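Student: Hi! Could you walk me through this one?
Tutor: Happy to, let's have a look together.

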Amino acid sequence: MYVEAISFGVSTILFIILGLIMLTGRQDNLPKTMLAIASLVSAAWSGTVTYQAVFGGLLSFALLLELFRSLAWLAFLLVMLRTAYNSTDQVNKNFKITFVGLGIFIVGLMMLALYRVSGGSFFEFIAGNDVLVGHLLISIGGIVIVEQLYRNTSEDQRWALKYLWIAVGAMFAYDFYLYSDAFLFQRIDNELWNARGFIHGMVVPLIGVAIKREMQWTLGEETIDIFLSRRIVFHTTTLLASGIYLIFIGFGGYYVREMGGGWGVVAQSTFLFAALLVLAVLFFSMKIRARIKVMIDKHFFHYKYDYREEWLRIIRTLSLQDTDKGLHIGAIRALAQIIDSPGGLLVMERDNGYFESDERWNFERINVREPVNTTLHRFLAEHQFVISLDEYNEDPDMYTRLGPLDIPEWLSSNKDAWLVVPLVLQEHLMGYIVLSRSASHERYFNWEDSDLLKTAGRQAASHLAQYESAQALVSAKRFEEVNRLSAFIVHDIKNMVGQLSMVVSNAAKHKKNPMFIDDAIITVENSVNKMNKLLVRLRGEGEVEKDVAFSLCELLEESVSACSATGTLPIPVLHCRAEQIMITADKDRMSANIAHIIQNAQDATNNTDSITVRLRKQNSYAVIEIADTGEGMDEKFIHDKLFQPFESTKGTMGIGVFQVREYVHKLGGQLDVESEEGVGTIFRLHIPLSSSTQSANNAHIVNLNKHEKRKRGE
Amino acid sequence: MRSANVANNLKLLIVDDDEGIRTQLKWGLEGFDIITADSRQKAIEQFEKHRPVVVTLDLGLPPDVEGTSEGFAILDAILQRGPDTRVVVVSGSEEAVNSQKAKASGAFDFYAKPIQIESLQKVVSLAYASYLEIK
């Protein structure tokens, strides 16, 4: 008795404090007032229970106050939930109906409780249980609303409001536990009851934390529609249904035990276990889930789908697949999940002019091979309709009035086949997906399903096409390699044929000349060497690059000298800031790359311009700068064309700069270009230094070649 | 070899990076004093030194062995120095673009490999005759 008095006494004091705090300050919003009322009613109820524990009596009053307290808390929660929605006539109407319904329910429960307390024996069979069920429903309702409130609370408000939801949720959860126990054992457990005061008192500080964190008294802004997703409705509905189911099972369990005689407890346990098992099976049943979803879609929402969520899911399913097989199955799954179809078959157009079966997912193996020009393919391509085979079987005119359509035998005879979704890309039918029957949508397939599937089909087609393009690009690159190799082989074979045929024709005249014999042997040896090189390349070993460490300054001297020797103007001038800059690379290839950029510079300049080649060290890189004062390039050309193979302004193959950059990247370096039209261009090659680099710091001009000297009149 | 029988003005410059080709052309092309080169630098040096009337020029030379840039650069350099020079471009590439480009750049003729000594001899003789006509 004293425990009960202390427990509820504590809760009384805490709720009075909370209520008074709520009554201080401005009373300009309804939720705050409602929380004050709920707190004070809770205090009144706890106080009554405390009084009853000490002095006895007031039982009916306590019972009524408890129900009134529940009404106050539920009203507060609903008022908070109301703030999450825009003020529309429909929303206002729905909330009014809910309030009135809740009020009638609780007032009815109060009357029933009074009747039972007064010893009313009407419907003796359920005497007492009806009030307990009422309490259980109130607790479930409270938990469901709290869950809704938590989900509708924005991230930035959760910091404060989560304490309020935890507090109120915990209060209702404890009540649920208390009354479930009471319902099962047909008596209220004293210990659980006595702890109730402490438990309710414990939640008050949590509400205090929420208030201290300056929680907002509204969940939504005036102009924002709070999003109530289908998923939330689905979860709430299943939670509510599960709670109600458990109440009835508990109710049933009690009577099984009461009427089971000696087997009572065994029968009750078996019954409860079986019931929980059924609940688990129902919970994991795709069919039940699908039916609940359809029920929700039909009765709660204007549109059947939450398009944002569906679209994100489609994209996620398609994007997760990274292999050929995975992507194709992913396309089937992405479409199937829209209408809860358990499987499907992908049929794709092939290069051989047929549509053939590709991948399947939970679908029987069928070898499809249909010509491109069947009525089915023409219909799908022209009308881009999702074909429901059931609709077609019932009323073919629905489809054939648009154009001829014959369903092939493999499809019409398949009992699992339900829908045919076209995969259209840029008005071209690249394939279609046959979906298996869906348990829930079978009798509920409408324009919304069709439109969403059609759009998702386009998206899937785009993903599949993108993948195929990537594959084609890889093949094209391989072909390009083969072509390059073939060109190289043909070139060398031509040289060898030329050499050897010349040896033969020359031998007719000079075979007795020992000098010719020597030359002929050298020529044959040369051909043998070429053939060996060819064999190496044909084996796929390629040319071995001879990477060696060398002085970059010396190499630049040679390159500049070679370019100067051609006599093309302007003559490049070389400045090496440090002679001993060493890099490790294939010397010939490096030299060719430098020569290529110098030649480009010469092409872009006229005779009066200048070309300067500079070498310097920057951190762990050698930096070669080839600068000209030529015509320069615009930004668009540099961005779009300069590094593209086969792009050139000079009428050549234009592969040079692309190759230079590729090689520099291969060395772990970088190629930068700086250019301004009418001012000139600077190519900067950053190449990692080799470990043996020793640089001299004194800058000096290493080379002024003879042409430059001549030009300067020296 | 045979240069003793050949007049100085029948000089022929063979530019090719393939040693076997250069060697056998020296034996096969009769009636010319043959000079050879295997790179752009050497080709220009030899041209300036000997001033040959006819040049056979391979397009694929180092460092751009698989391309044509070196060959066309030499063609430009030679015609710049001797506009009347008859340059026969000899290439393994059968791409029409190279043949057209060679002729547009001033080459006398385009000869597709593999080399048959008799036919090349005729082309070179024609080139020489063409040079004599305008002299």
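Student: How do the contacts in chain A split by sequence separation?
Tutor: In chain A, 69% of the contacts between residues at least 6 apart in sequence join residues at least 24 apart; contact means heavy atoms within 4.5 Å. This is a predicted model, where local features need pLDDT of at least 70, side-chain atom pairs count only at pLDDT 80 or more, and totals for chains, interfaces and linings use all residues. Residues are numbered from 1 along each chain as its sequence is written, chains are lettered from A and ligands numbered from 1 in the order in which they are written, and side-chain values use heavy atoms, leaving out hydrogens and water.

Student: How many helices and strands does chain A have?
Tutor: Chain A has 23 helices and 14 strands, as DSSP runs numbered from the N terminus (helices H or I, at least four residues; strands E, at least two).

Student: Now Ser70(A): buried or exposed?
Tutor: Ser70(A) is buried, at a relative accessible area of 3%; buried means under 20%, exposed over 50% and partly exposed in between, with a 1.4 Å probe and protein chains only.

Student: Where does Ser70(A) lie, and what is it in contact with?
Tutor: Ser70(A) belongs to helix H3 (residues 59–82) of chain A. Beyond its neighbours within four places in sequence, Ser70(A) contacts Ile106(A) and Ile138(A).

Student: Switching topic, which residues of H17(A) meet H1(B)?
Tutor: Among them are Asn495(A), Met502(A) and His510(A), and the H1(B) residues they meet include Ile21(B) and Trp27(B).
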